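Subject: Structure for you to look at

Hello,

Here is the structure I said I would pass on. Please open it first, then read the notes below.

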Amino acid sequence: MMTETWILILGLAAATFAVRLSGYLLGQRLPDHGPWAHGLKALPGCLILSLVTYLLMQGGPQEWASGAVALAVALATRSLPLTMAAGIAAIYLLRAYF
């Protein structure tokens, strides 16, 4: 029993180290310019947009209103942290009071 636990701990540590090392090694091989670099730079924004769109499609008027508030804050401030805070505050207030 004790040996199995240590094997599991060492295996998980090795897997964690391998994942981190592979990310570092792969990150060095990514292109700095060209179409692939542009696509990879746009990837996080596209993923967030797809997740938000999916959640808005499944939501109701409260989620749509908070999405509109977040969009207005994003257009006015161009700040991601403020946009996220405004959207979270809006959905919290709308769900608490309506």
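Is Arg95 buried or exposed? Arg95 has a relative accessible area of 51%, so it counts as exposed. Here buried means under 20% relative accessible area, exposed means over 50%, and partly exposed is in between (1.4 Å probe, protein chains only).

Some background before the rest. This is a predicted model, in which local features need pLDDT of at least 70 and side-chain atom pairs count only at pLDDT 80 or more, while totals for chains, interfaces and linings use all residues. Residues are numbered from 1 along each chain as its sequence is written, and side-chain values use heavy atoms, with hydrogens and water left out. Helices are DSSP runs of H or I with at least four residues, strands are runs of E with at least two, and both are numbered from the N terminus.

The salt bridge

The structure holds one salt bridge, meaning a side-chain nitrogen of Lys or Arg within 4 Å of a carboxyl oxygen of Asp or Glu. The side chains of Arg95 and Glu63 form it, at 2.8 Å from N to O. Arg95 lies in helix 4 and Glu63 in helix 3, so the pair ties together parts that are 32 residues apart in sequence. Side chains of opposite charge can pair when their charged atoms come close. Glu63 has a relative accessible area of 18%, so it is buried.

Ala74 lies in helix 3 and is partly exposed, at 23% relative accessibility. Its C-alpha atom is 8.7 Å from that of Met84, ten residues apart along the chain. Leu82 lies in helix 4 and is also partly exposed, at 48% relative accessibility. The C-alpha atoms of Leu82 and Ala70 are 8.5 Å from each other, and the two residues are twelve apart along the chain.

The loop between helix 3 and helix 4 holds Arg78. Arg78 is not a glycine, although its phi is positive, at about 55 degrees. Most residues other than glycine have a negative phi, and most peptide bonds are trans. At 71% relative accessibility, Arg78 is exposed.

The largest pocket

How much space lies in the largest pocket? The volume is about 770 Å³. On a 1 Å grid over the protein atoms alone, a pocket is an open set of points where a 1.4 Å probe fits, with protein on both sides within 12 Å along at least five of seven lines, and lining residues have an atom within 4 Å of a point. Grid points are joined across faces, edges and corners, and the volume is the space filled by probe spheres set on the points.

The lining has 22 residues, and Val52, Gly67, Ala70, Thr83 and Gly87 lie nearest the centre of the pocket. Helix 2 (35-58), helix 3 (61-77) and helix 4 (80-97) each supply at least two residues of the lining. By type, twelve are nonpolar, seven polar and three charged.

The surface patch

Met2, Trp6, Ile9 and Leu10 form a nonpolar patch on the surface, with about 460 Å² of accessible area together. Met2 is in helix 1 (residues 2-29) and is exposed, at 58% relative accessibility.

Regards

Definitions and conventions. Patch = residues over 30% accessible without salt bridge, like charges linked within 9 Å, V, L, I, M, F, W, Y side chains within 5 Å. Areas by Shrake-Rupley, 256 points an atom, 1.4 Å probe, with all protein chains shown as cover. Nonpolar A, V, L, I, M, F, W, Y, C, P; charged D, E, K, R; others polar.
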